[in-house]
Amino acid sequence: MAHHTMEEDLNIAPPPQAQNLTSSMVTKKWPFLVTKGRFQLLRNFRANLQKVIFGTKLAVLFPAVPLAVVADFYSLGRPWIFALSLLGLTPLAERVSFLTEQIAYYTGPTVGGLLNATCGNATEMIISLLALYQNKVNVVKFSLLGSILSNLLLVLGSSLLCGGLANLRKEQLYDRKQADVNSLLLLLGLLCHLLPLMFRYALAGEYASIATSTLQLSRASSIVMLIAYAAYIFFQLKTHRQIFDAQEEDESEDGEKAVIGFWSAFTWLVGMTLIISLLSEYIVATIEAASDSWGISISFISIILLPIVGNAAEHAGSIIFAFKNKLDISLGVAMGSATQISMFVVPLSVVVAWTMGIEMDLDFKLLETGCLALTIIVTAFTLQDGTSHYMKGLVLFLCYIIISACFFVQKTPLIDDA
Amino acid sequence: MGSHETEPWLLENGNPKVLTREMRHGRTAHSRSSMSLRKKSDRTLVQKIRCALLRDLLSNVQEVILGTKLSILIPAVPLAIAAEIYGLARPWVFILSLLGLTPLAERVSFITEQVAFYTGPTVGGLLNATCGNVTELIIAIFALSSNKIAVVKYSLLGSILSNLLLVLGTSLLCGGIANRGVEKKYDRRQADVNSLMLLLGLLCYLLPMLFNYSAASPALTADPSLYLSRASSIVMLIAYFAYIVFQLWTHRELFEAEDEDEDGNKDSEEQAVIGLWSGIAWLVGMTVFIALLSEYVVDTIEDASDSWGLSVSFLSIILLPIVGNAAEHAGAIIFAFKNKLDITLGVALGSATQIAMFVVPLCVTVAWIMGVKMDLNFNLLETGSVALAIIVTGFTLQDGTYHYMKGLVLLLCYVVIGACFFVQRTPLNQADVTNFTLKPATNAVLGA
């Protein structure tokens, strides 16, 4: 287990989890705000503002946030609201993960890890809950599925491809145990999705109320998946920590200290979550209008567009780490995120729907479940030998292209849609 | 090793062609495998002829036509043509054409290898990567032009199954039994890359099929499925191109067959035995014959099926590929006996990858150009068989060792799939064959 020497001196910072490191990679210093300013309070506030708002290359997209609010207020074209909200979500999602990482410095490694585990996909969770509230169950299912596909194929594929091309003559190794655990959990999730689907096909006509049985099965499976995820957290943060620690011998240009105070980080986190909720509500409300106006199916927007935007920051960080031949971190980001969504966000949505009285089950329809099954199999197969080269990344990436093409041409009505 | 004075045609291009060390490393598994069927030609009879030109010509002919153990099947070629011209029974034309295709396919790979001596290892590898399965390609194109899309799909699918299960299974079985007690290893990285490409191909075949089943009515999905298939074909060709770059340029060392210990006492020499231009001439001629016999095969397949009581799908999936792959099959087994499994894997997996990721999308593209509506929907039973074949093979080959049990399991998988298509007698004349047992369930779900 590698420990940074500064960390031992300070004794407060946890060994960075993979997702924290990614966030710090896209952080940039924008120093121009700090120097002038007479009052101590104002200077502190400006320093705080600089670190939080402008501390990332993605800050260029921040103007989309007020623009989206304005567009909704003045009822400009609904597709515009959709597009602006999408763009505004990208930097917000990245900042939330940065703030979570800062808070983790104060709360210690375990709670920090837990926080990271739950807040890592805050955008997806909020979009799902809001869509559930508006009873758009299909949007929930497809956006979560698309997020899994995007993490496993797009993020992982482009990272392995770029890493392979950049390190053509070097040997690229990673520890396969981490990938193995994640693959195993994803296969469990796949089983939980497959059974309601096959249930519906196999017993059609024999039961009067297939829907109720499928629903009960889905709800029971969701509880099992949450138990499995809790065990995975325990495994990752307590007993088998050494498998998941990222390699960190020679990097981290910014120190191992938090850069903003605990309460200010907390405040910023609450504020940003509120804004994310607002933009997510716009997205969920305007998705049909955007789909009609642009001529693309809702399933394509939910499965392909939303996750690409939501994962943009993680994506960039993952590619950067692959360039540096630190594949363990890239894998930790991509597969960890996929596992989190599959085993935590999806069952959580089913449970929340249960309490709301909405009938959401785990049956993600034939085409989508087929894509998911093949994705998990291809990814598990790719990662099970512990080495990498650019062909692996290219194949994963091309799989994603084909799946996108599939949902792009799918404009026909499905068997039953909300 | 013949001396240069009696073989003047070798000096055709000004310098005798001898394999240098790096060229030897460039020999692909495919070419080395087909070498195992070569015979050393006996030149004593030809030397007695006085006239130099006639002697050269006859030596050339002897080398090409008689240079393989499969030459006994060559008479089937003129017999098939005679049968067609004189209007003999169609099943006879079918079987004679099939028998004639076997040695022709092997000779084409031999001539390609000879040409590769002159052009260098990379172009040789490229030639092999594109023309390695020329028989399947020509049969497929003829079937497309006769609008027999089902025959195209099933013959190509059967070729993939045959390479993955039959060739590999028998090789592992024979190699495992012959080398009991010896450590049996191979480099798994080559197998990994091939399995990955096959999984990408599987995704491309699976999606149009699921598309078809997921929609409310199949008529609605015909066009989108076609667009998806055509887009997937382009993606597959891009992937195959990248695979060739990977195999022949950047990661060449993964695919080299080792040959440290068999240089001295090989019975076939490392020289080209025919000149470049004669090689090209032979190649063109043989391709013309292959095209002719393939046309006979495609025309007479229904008659043979009716006459023998076997379904067209069985003939396309099982019989055609066994015949087309016979030479590769024999070579693969021979190398497995010698515990050189890297070469066997290169042949079997490489051929399967080539068909899945090059020949199939090429056919879809050619069909697109011709205006024929061929998509990648291979129907449930066939796609299921291929899916499981790819998964089983990928799983089998992922630890780098082998034993006879692995070979036996793969072989028995092939027998089961063969039995499945043997008992399936549904008519194949319509454009899409639906699996009848699934339909009632789907209809019930639609109504529910």
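## Chain B in outline

The model is predicted. Chain B has 18 helices and 0 strands. Of its 448 residues, 58% are buried.

Take the contacts between residues at least 6 apart: 85% of them join residues at least 24 apart.

## Where chain B meets chain A

Chain B brings 41 residues to the contact, and chain A brings 36 residues. The area buried between them is about 3500 Å². Carbon and sulfur atoms give 81% of that area. Between chain B and chain A there are 0 salt bridges. There are 3 residue pairs in polar contact.

Four elements of chain B give two or more residues to this side: α10 (188–214), α11 (218–250), α16 (380–396) and α18 (438–447). The largest share comes from α10(B), with 17 residues. By type, the residues on the chain B side are 30 nonpolar, 8 polar and 3 charged.

## The nonpolar core

The largest nonpolar core has 236 residues. M391(A), L161(B), L164(B) and L207(B) have the most contacts inside it. α10(B) gives the most to this core, with 17 residues.

L161(B) shows how such a residue is surrounded. Beyond its neighbours within four places in sequence, L161(B) is in contact with L166(B), I317(B), S385(B), V386(B), A389(B), Y414(B) and I417(B).

## Two buried residues

T339(A) sits in helix α15 (residues 327–356) of chain A. Its relative accessible area is 0%, so T339(A) is buried. Its side chain reaches the backbone oxygen of M335(A) at 2.8 Å. Leaving aside neighbours within four places in sequence, its contacts include N182(A), Y229(A) and F344(A). L185(A) is another contact of T339(A). These two are 154 residues apart along the chain, yet their C-alpha atoms are separated by 6.7 Å.

H251(B) lies in the loop between α11 and α12 (276–308) of chain B. At a relative accessible area of 11%, H251(B) is buried too. Its side chain makes a polar contact with the side chain of T250(B), at 3.0 Å.

## Salt bridges

Side chains of opposite charge can pair when their charged atoms come close. Over all chains, the structure has 14 salt bridges.

One joins K141(A) and D361(A), with the closest N and O atoms 2.9 Å apart. This pair links distant parts of the chain, 220 residues apart. K141(A) is in helix α8 (residues 137–166), while D361(A) is in the loop between α15 and α16 (366–382) of chain A. Are these two buried or exposed? K141(A) counts as buried because its relative accessibility is 5%. D361(A) is buried as well, at 15%.

K392(A) and D385(A) form another salt bridge, 2.7 Å from N to O. K392(A) is buried at 4% relative accessibility, and D385(A) is buried at 18%.

In chain B, D192(B) pairs with R188(B) at 3.1 Å, N to O. Both lie in helix α10, 4 residues apart, about one turn of the helix. D192(B) is buried, with a relative accessible area of 6%. R188(B) counts as buried at 18%.

Technical notes. Residues are numbered from 1 along each chain as its sequence is written. Chains are lettered from A and ligands numbered from 1 in the order in which they are written. This is a predicted model: local features need pLDDT of at least 70, side-chain atom pairs count only at pLDDT 80 or more; totals for chains, interfaces and linings use all residues. Side-chain values use heavy atoms; hydrogens and water are left out. Contact means heavy atoms within 4.5 Å. Buried area is the accessible area (1.4 Å probe) that two parts lose on being put together, summed over both. A salt bridge is a side-chain nitrogen of Lys or Arg within 4 Å of a carboxyl oxygen of Asp or Glu. A polar contact is a pair of N or O atoms within 3.5 Å; within protein, one must be able to donate a hydrogen and the other to accept it, and residues adjacent in sequence count only if both atoms are side-chain atoms. Ala, Val, Leu, Ile, Met, Phe, Trp, Tyr, Cys and Pro count as nonpolar, Asp, Glu, Lys and Arg as charged, and the others, Gly among them, as polar. Buried means under 20% relative accessible area, exposed over 50%, partly exposed in between (1.4 Å probe, protein chains only). A nonpolar core is a set of buried Ala, Val, Leu, Ile, Met, Phe, Trp, Tyr and Cys residues joined through side-chain atoms within 4.5 Å.
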